[in-house]
Each structure stands twice: as C-alpha cells, then as structure tokens.
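This briefing is intended to be read beside the sequence and the 3D structure. Please have both in view before turning to the points below.

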Amino acid sequence: SVGATAAENGRGPAVDWRDAAALHEAFVSCEDEVLRRRVGEALGVVGNALRVFGSEAVYVSFNGGKDAVVILHLLRAARAADEAATAPPHVVYFDTTDDFD
C-alpha cells in the first residue's frame, strides 16, 4: 500500500527513511545481492563526488519525480557515511509548469 513500510509489504525490515544513517545501513545490507551491488555502485559514485568536490559543493536537482527522489536518498545516505558532511544536503528545486509544452 502507499506509504507502507518495507516490513509491512513483506520486503524487509522497517527503516525510518528520515534517518540518513539508517537509510545507508539499509542500502548496504540489502538481502538482494544484485540490488545491493547496484546501490553500492551508486553510493560509490556519490561518495566519490563528495570526496573530490566536498560536501558543500555537491548539489542535487529535485523536481519531485521518482528519479529525483532516488538521487536525493542516495545523496543523503552517502553523506551519512561521510564523516566530513555535517550540514544538510544542498537541493535545488526548479518550479516550472511548462515542462512538456
């Protein structure tokens, strides 16, 4: 159901998605090996960006879509694993109503 936790849907333990450290732990301990490897690669890319550019220089563009939500959660999780990242992530939102006109 919409808004149900993974545990309620029978897909794993409940995770408080507001807790970035718990989110990171859920990503890296996923029971599905293929998904865990792919998410690990994505976390590696974001982690590399944080190391190369610093957490203050990494931004995410957010439009509310599924892809943007995934990227935002990956950034939050990667920042939770990065001890140097202490401030909230930088998110840019472009409010436009004519995306496909």
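The structure is a predicted model, in which local features need pLDDT of at least 70 and side-chain atom pairs count only at pLDDT 80 or more, while totals for chains, interfaces and linings use all residues. Residues are numbered from 1 along each chain as its sequence is written, and side-chain values use heavy atoms, with hydrogens and water left out.

**Confidence**

- The protein has an average pLDDT (the predictor's confidence in each residue, from 0 to 100) of 83, and 82% of the residues score at least 70.
- Among the elements of the protein (helices being DSSP runs of H or I with at least four residues, strands runs of E with at least two, numbered from the N terminus), the highest mean pLDDT, 94, belongs to helix 2 (residues 33-53), and the lowest, 90, to helix 1 (residues 20-28).
- Over residues 1-7, pLDDT stays under 50.
- Where pLDDT is low, the predicted coordinates should not be read in detail.

**His90**

- His90 belongs to strand 2 (residues 90-93).
- With a relative accessible area of 19%, His90 is buried (under 20%; exposed is over 50%, partly exposed in between, with a 1.4 Å probe and protein chains only).
- Beyond four places in sequence, His90 is in contact (heavy atoms within 4.5 Å) with Ser55, Glu56, Val58, Tyr59, Val60 and Leu75.

**Tyr59**

- Tyr59 is located in strand 1 (residues 59-62).
- Not counting residues up to four places away in sequence, Tyr59 touches His90 and Val92.
- Tyr59 and Val92 are 33 residues apart along the chain, and their C-alpha atoms are separated by 7.0 Å.
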